[in-house]
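Here is a briefing on one protein model. Please read it alongside the sequence and the coordinates.

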Amino acid sequence: MAELPLRSQIHSGGVTRLADHLEKPLLDTRSYRVVKLSNELEALLIHDPETDKASGAMDVNVGAFSDSDDLPGMAHAVEHLLFMGTEKYPVENEYNQYLNKYGGSSNAYTAACSTNYYFELSASAESKSAGNSLNASKESLPLSISKGQSPLYGALDRFAQFFVKPLFLEDTLDRELRAVDSENKKNLQSDPWREMQLHKSLCNKAHPFNKFSTGNYEVLHDDPIARGVKIRDAFIGFYEEHYSANRMKLAILGKESLDQLQEWAVELFSDVPNQSLKKLRWDDIPLYGDEQVGTQTFFKPVMDKRKMELFFSYPDETEQYDSMPSRYLSHLIGHEGPGSILALIKAKGWCNGLSAGAHEVCPGASYFGIGVQLTEDGLKNYKEIIKIVFNYIAMLKEQQPHRWIFEEMSKLQEVDFKFREKIPASRTTSMFSQVMQKPVPREQIMSSQSLLRTFDPAGIKRGLKHLDPDNFRFFVVSKDQETDSKEKWYGTDYKYEKIPADFMQELKRAAEASASERPAELFLPGKNEFVPQRLDVEKKEDVEPTLAPVLIRNTNSVRTWFKKDDRFWVPRANINVHMRTPLLSVTPLTSLTAHLYKELVEDALNEYAYDAELAGLEYSLSPHSQGFDVSISGYNDKMHVLLEKVLVTMRDLEVKPERFEVVKERLGRGFKNIQYADPYRQVSTFSRWLISEKTWLSEQYVDELDNVTAEDVKAFYPQILRQLFVEILVHGNLYKEDALRITDLVLNTLKPVPLPPSQWQTKRMLVPRWGTDAVYQRNLINPEQVNHCIDYHLFIGANIDYTMRAKLLLLAQMTSEPVFDQLRSKEQLGYVVSSGGVFQGTLAGFRFLIQSERDCDYLESRIEAWLVEYAKTLQEMSHDDFEAHRVGLVNRRLETLKNLNQETGRFWLHVTSEVYDFELVSKDVPEIEALTKEDMLEFYHTYFHPSSTTRAKVAVHLIAQASAEDVAKDVDPKEQRTKLATTLAQVLQQIGMTVDPTTLADKFEKADITDPASITATLKTYLESDALASEEQLATLTQQAPIVLAQILPQLGIKAKGPDTAKEVKEVKVEKKNQTVYLEDVKAWKASLPLSAGPKAVKELSAFEELDAKL
């Protein structure tokens, strides 16, 4: 429906029309309107006649910076608690049940100055399948959709109540605070979180950036209760103080007309209370005070990484949305081409990467950051790198800002915005509701963060003045640092001190260096030759998009698949090249050598390809078990130029010994660091390894690293390219002739000998037999990791038919919310809890993934208890609920593709699978529609129920090493007390307190050191009587003790007492008829399993052919 013209700003019901149209991308078919309700709540309404998903989002102008000092994490906790029931809908998970029924989901996040809530679900309650009478074309859509017909209305009704009358249910309080606690513990061993918190903790203590934003159970529950705080009242008080309609920005996207969406917004959100609160700003508080600038910080990461960060306080550019001067500076300082900082320090062997840019902290405060990925030599020469950075800044300062550089940047941004494609509904609403908090014209909500409209030399110079040695601090990150302090929230080891005076003088000289004193290798970039010139698209109206590419060349050396874009009409394309060879997966050594080759090619291309990346044209390389892939993606104008350069570099790579050593060391660290990643990020590697004929683990690569030389890579890579079968997909704004020329370019550049089909590797998986109940246990390497992880797989079979596939998809749809509600929300097993169907190679199955402090045996018992209970839920499911799930799944399967990359990804998945089932979605739908509840019950009891003798289960248990029980076995109780006293003494030194560890250890003789409260009380008594602590110091101790103890007690082998959560767990009798086998000899177990059949094309490839004579 067309938008109504803006005749008057004031409409009935006190609604103010702020904008009737938005500046939008060329091909955006959506209609937009911005209104303000009578309570000052602002709403962006989006009518999308083509959407499959409807969505709503609310951004509230309050976040972690509004936390009180004695309740850190309050805003984050309120975000969690807000979902737990409202006066109108008091059932705590009713909202998510409703969304799940319509194939939907919800989420939220807390930022510094805003809290963002969003959801999405099916736009229609009816099936979209071709046989449904309500499958209307967009031309025949009704002008008004009734509330009862629209899933969106029901979702908005429930969503609105969070901001009208939430309940903060008492019995959900503890569980959600434990969810916050689990989320925090998930991040305790994450280097990005540790680094950010250290940055915050060492900034101006008067600025809210200094705060701990996540919160945990101690500071949000135990401590306030000990102080006599009624925590539910505190959360409600925070909500009532900070949540106000005039601070809220709502975005709604649906099929409904703008008038209909406006009517619903008025009806449902006008009751949100308005307190006319001021917009949050922190203008007069510096981010870094005099004590924080001119400092250097050295800290130890969890993973083996080396990097350096430079931080400058920087002007807030919120009001300069049309010029964004910092973009000019970040473009030049972060450049990677010839003349750049990166090019120089990389040539010296000091660096692997560099990034730069301004970061808005909050209205009134920003910082400019420069990050450098260091090599071993770079770590030794970090001072020289900082001087080079200031040399480059000096070069920028002595020149006037260049208009041509700005105009080139502006053109690239304009092209990117003009041809921007759709993103999913919930990302759209979440993003724009957040942008609405910024002071941009309402017509520019979509464009203000993209387009550079005004060249502002004065703003650029103002920014440059802040990039000065007197206004900066730096961090160096390395495992080899000497430290003397421990950060209080994450336990990060660090050393913090003033930059030595002599080094500061060197930096000031570097920042004032003349052209003759600066390295000659530093100069401004030249004009970007990759800026696209041809952006024309031959669009055809009323074209029904084809579902599959055609095969335009099919020989003994190459297959070329092609589809001219007939759906998105953008001047972009994707080229995917699959070079099939069996050499890469023969051994871990050959696979590792291929990875080194890939890294060296990327290293050689870095300077050349950077301009292409800036101009929206990218490449990627990927070695894998079946061969080597090359992909080019972006504006089609000059993509053949980039492809040729990539292929020639692959063919003629010069393996330079000095770069080989740098790349090898970096790759080796990467493989080692995989073992220190979050457990839930590691576990799927082992799950795949157990059922794969040939898959190598990171530790196997590490073992081979010392055996690979530069000469090995130099000798091996020609063998990779010597004999290949090439499969190519060309998709987008290119013609068949272009695709054939690209094919010739690949073959003529590489000139491979054809690899005959008889020598192709057959894709097969190992198939767990029916009745299997296997567990593979593995200890996590990180000694400080407190979280266990389980990946629990139920296998349905190999190469399952369409009917079985439909059952698996439907079961995943029905169970996602109940799994999360029971195992995450109610039982609080951990922050990371998920489930769903999985398709691995030729196998299909279902997985449960949980990361938790609870041990894996317990987690497995709770999964199986849930499986037993869900059988009853499925049995008792009403016809209407079953039907809603089925329709929701059909609509999810029939969702339209949002952009060119999505369609390319779908095509490439079917090509590389060797099944070529391009019409899989349309085959799924009739199978899903034919399913009955009886079908699902039989399916469930055969493959899922723990009592089934025909199910096949394989679970991976990753076991944390930081559990107190394990450590305690080797620690004498007296030694525990001594270590506890010594560790606490080190921590207390940070707040200026001197403690005698021996005396404190004696005090702990009478304390229960398994009880954090007893430890805190003993420590407090000692500090009052022996250390003569001030009231302020004692208050700091009371606040921080629970967090510190939560960090250090497990490391000392002390099992801290915790609250009883048994009431949340429903005891369920689980009768298992298959005996559990613990895998000790994985090789022997894998050898006992049968192999699946290899992939088989759904039809003869000749059926896809559309062959012409070669060009």
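Gln700 touches Pro588 and Thr695, leaving aside residues up to four places away in sequence; contact means heavy atoms within 4.5 Å. This is a predicted model: local features need pLDDT of at least 70, side-chain atom pairs count only at pLDDT 80 or more, and totals for chains, interfaces and linings use all residues. Residues are numbered from 1 along each chain as its sequence is written, and side-chain values use heavy atoms, with hydrogens and water left out.

**Gln700**
- Gln700 sits in helix H21 (residues 698-704). Helices (H or I, at least four residues) and strands (E, at least two) are DSSP runs, numbered from the N terminus.
- In sequence, Gln700 and Pro588 are 112 residues apart; C-alpha to C-alpha, they are 6.4 Å apart in space.
- Gln700 is partly exposed, at a relative accessible area of 24%. Buried means under 20% relative accessible area, exposed over 50%, and partly exposed in between (1.4 Å probe, protein chains only).

**Confidence**
- The average pLDDT of the protein is 90, and 92% of the residues score at least 70. pLDDT is the predictor's confidence in each residue, from 0 to 100.
- Residues 133-143 stay under 50 in pLDDT, and the model gives them nine contacts beyond four places in sequence.
- Residues 1058-1062 also have pLDDT below 50. That stretch has four contacts in the model beyond near neighbours in sequence.

**Record annotations**
- UniProt, in an unreviewed entry, places "domain: Peptidase M16 middle/third" at residues 417-703. UniProt positions use the numbering used here, feature names are shortened, and annotations may be inferred rather than shown by experiment.
- Residues 417-703 are 39% helix and 18% strand, with end C-alpha atoms 47 Å apart.
- The unreviewed UniProt entry also places "domain: Coenzyme PQQ synthesis protein F-like C-terminal lobe" at residues 810-908.
- Residues 810-908 are 63% helix and 19% strand, with end C-alpha atoms 25 Å apart.

**Strand S17**
- Strand S17 (residues 558-564) has seven of its seven residues buried, so it is largely enclosed by the rest of the structure.
- Val558, Thr560, Phe562 and Lys564 point one way from S17, while Arg559, Trp561 and Lys563 point the other way.
- In a regular strand, side chains alternate between the two faces of the sheet.
- Strand S16 (residues 550-554) runs antiparallel to S17, joined by four bridges. Two strands pair if DSSP finds at least two bridges between them.
- S16 and S17 form a hairpin with three residues between them. Leu551 has Trp561 in S17 as its bridge partner.
- S17 runs parallel to strand S21 (residues 723-732), with seven bridges. Phe562 has Val730 in S21 as its bridge partner.

**Strand S12**
- Nine of the ten residues of strand S12 (residues 365-374) are buried, so S12 is largely enclosed by the rest of the structure.
- Strand S10 (residues 307-314) pairs with S12 in the antiparallel sense over eight bridges. Phe312 stands opposite Phe368 in S12.
- Strand S11 (residues 351-362) is antiparallel to S12, with ten bridges. Gly353 stands opposite Gln373 in S12.
- S11 and S12 form a hairpin with two residues between them, and Gly364 in the turn has a positive phi of about 110°.

**Strand S27**
- Strand S27 (residues 952-959) is mostly covered, with seven of its eight residues buried.
- Strand S23 (residues 773-779) pairs with S27 in the parallel sense over seven bridges. Strand S24 (residues 788-798) is antiparallel to S27, also with seven bridges.
- Val956 in S27 is the bridge partner of Tyr776 and of Asp791.

- The largest nonpolar core has 65 residues, of which Phe159, Phe163, Phe235, Tyr243 and Phe269 touch the most other members. Such a core is a set of buried Ala, Val, Leu, Ile, Met, Phe, Trp, Tyr and Cys residues joined through side-chain atoms within 4.5 Å.
- Helix H8 (residues 258-269) has twelve residues. Its buried residues include Trp264, Leu268 and Phe269.
- Among the elements covering the buried residues of H8 are strand S5 (53-60) and helix H3 (151-161).

Note on methods:
The expected span of a helix is 1.5 Å times one less than its number of residues.
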